[in-house]
Amino acid sequence: MHIVTDAFLSIVVPLYNEEDNVALLTQKIHESLTGYSYQIIYVDDFSTDTTRRVVKEMDDEKVHLIELKKNYGQSLALAAGIDYAEGDYIITMDGDLQNDPSDIPQMLALAEEGEFDLITGIRQKRKDSLVKKIPSKIANFLVRRVTKLDIKDNGCALKVFTKDIAKGLNLYGEMHRFITLLAFLEGAQIKQIPVKHHARHAGVSKYGLERVFKVVADMMLLLFIRKYFQRPIHLFGIFGVLLIILGLFIETYLLIVKFGFGEDIGTRPLLIFGMMFILGGIQLFTIGIVMELLIRTYYESQSKRPYRIKKITIGDGKAA
């Protein structure tokens with residue numbers, strides 16, 4: 001096998017109830033990365049089956065197991081693995097064997113030769129149900145429409161990141177589904193390539209229809225935060241000032257009507273609307289200022305992570 005890079009690799013895989021998949025996945029990763037220098041980081045998101053025991057019984061020195069204190073969801077499980085990763089390249093994939101580790105070498109080659117920050121897969125002949133395919137197509141369409149990012153498959157978990165881009169991501173909620181968009185908004189140079197996709201080997205999918213609404217809500221939140229996160233006053237302040245101006249315009253008009261033409265304005269609904277616009281504008285402007293202060297507090301307290309680790313194991317022995 002031709003080795004395309006001497007860089008150290010970190011393969012980050014979130015696990016939740018994958019007892020029947022994790023041993024075979026480990027074997028396939030080893031077969032695909034023969035000759036490479038790497039670590040496999042399994043992040044157990046508080047599985048209720050024997051996933052943790054299966055990982056430890058493999059007694060594989062390349063396998064690092066991070067056990068979370070409770071179920072945080074895939075985004076924070078990914079964040080924990082990325083924070084722990086030591087590799088020059090950080091590779092993410094799912095633990096259900098739908099992603100094929102044999103695609104990793106060609107993705108690494110592109111990252112090295114093209115100096116890309118992120119290589120992301122486009123799943124070919126996707127082996128998923130319509131419950132997963134349709135929301136995915138909608139989300140991909142919306143991302144293309146509201147951003148300048150032309151990505152065909154935002155939901156593909158198989159990705160190769162450079163270390164600095166991966167470490168700069170801020171994952172929460174269902175943001176792992178828009179991790180490519182997050183990287184793009186951080187300035188990453190991105191390349192898409194076709195990758196293989198398999199049907200789930202064992203176990204059941206954790207994806208239900210209720211997650212469609214979560215994905216859409218998280219995408220809208222992401223777009224808002226990434227545009228106005230550092231300066232929320234630019235959004236709330238502008239709308240606040242516009243409402244204040246509109247309210248003052250209405251009240252000035254009513255004053256002219258009353259004192260210029262002697263008409264009664266006390267029973268006019270427009271008077272109430274004008275006051276509501278002024279008060280609403282002041283509130284929005286105040287919210288913008290408060291959020292500015294909260295953002296400052298956020299940046300000063302970034303060292304606190306939104307997940308808690310129970311323990312970390314390398315092979316079958318406790319390491320930390």
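D88 is partly exposed, with a relative accessible area of 41% (buried is under 20%, exposed over 50%, partly exposed in between, using a 1.4 Å probe and protein chains only). The model is a predicted one, where local features need pLDDT of at least 70 and side-chain atom pairs count only at pLDDT 80 or more, while totals for chains, interfaces and linings use all residues. Residues are numbered from 1 along each chain as its sequence is written, and side-chain values use heavy atoms, leaving out hydrogens and water.

**Around D88**

- You'll find D88 in the loop between α3 (74-84) and β4 (89-92); helices (H or I, at least four residues) and strands (E, at least two) are DSSP runs, numbered from the N terminus.
- Leaving aside neighbours within four places in sequence, D88 is in contact with A7, F8, F161, T162 and K163, where contact means heavy atoms within 4.5 Å.
- D88 and Y38 sit 50 residues apart in sequence, and their C-alpha atoms are 9.8 Å apart in space.

**The chain as a whole**

- The chain has 10 helices and 9 strands.
- Out of 320 residues, 46% count as buried.
- Take the contacts in the chain with a separation of 6 or more: 78% of them are between residues 24 or more positions apart.
- The accessible surface of the chain is about 16700 Å², and 60% of that belongs to carbon and sulfur atoms. Accessible areas come from the Shrake-Rupley method with a 1.4 Å probe, and for residues only the protein chains shown count as cover.

- Helix α3 is mostly covered, with 8 of its 11 residues buried.
- The buried residues in α3 are S75, L76, A77, L78, A79, A80, G81 and I82.
- Those buried residues pack against β1 (9-15), β2 (38-44), β3 (63-68), β4 and α6 (163-167).
- The count comes to 1 cavity of 30 Å³ or more. On a 1 Å grid over the protein atoms alone, a cavity is a set of points where a 1.4 Å probe fits but cannot get out, and lining residues have an atom within 4 Å of a point.
- The largest cavity has a volume of about 40 Å³; grid points are joined across faces, edges and corners, and a volume is the space filled by probe spheres set on the points.
- A79, I82, D83, A166, L169, L171 and R305 form the lining of the largest cavity, and α3 gives the most to it, with 3 residues.

**Salt bridges**

- There are 7 salt bridges by the rule used here: a side-chain nitrogen of Lys or Arg within 4 Å of a carboxyl oxygen of Asp or Glu.
- D44 is buried, with a relative accessible area of 0%, whereas R52 is partly exposed at 24%.
- D44 and R52 also belong to a network of salt bridges that links them with K56 and E67.
- D103 forms a salt bridge with K196, and their closest N and O atoms are 2.9 Å apart. D103 lies in the loop between β4 and α4 (104-114) and K196 in the loop between β7 (190-195) and α8 (210-228), so the pair ties together parts that are 93 residues apart in sequence.
- D103 counts as buried, at 2% relative accessibility, while K196 is partly exposed with a relative accessible area of 36%.
- D153 forms a salt bridge with R123, with the closest N and O atoms 2.7 Å apart. This pair links distant parts of the chain: D153 is in the loop between α5 (130-146) and β6 (159-162), and R123 is in strand β5 (residues 118-123), 30 residues away.
- D153 is buried, at 6% relative accessible area, and R123 is buried, at 13%.

- Y253, L270, I272, F273 and M276 make a nonpolar surface patch of about 500 Å². Patches are made of residues with over 30% relative accessible area and no salt bridge, with like charges joined within 9 Å and nonpolar side chains (Val, Leu, Ile, Met, Phe, Trp, Tyr) within 5 Å.
- Helix α10 (residues 269-300) supplies the largest share of the nonpolar patch, 4 residues.
- Y253 lies in helix α9 (residues 233-261) and counts as partly exposed, at 42% relative accessibility.

Key. 1 Å grid on protein atoms, 1.4 Å probe; cavity = no way out; pocket = protein on both sides within 12 Å on 5 of 7 lines; lining within 4 Å.
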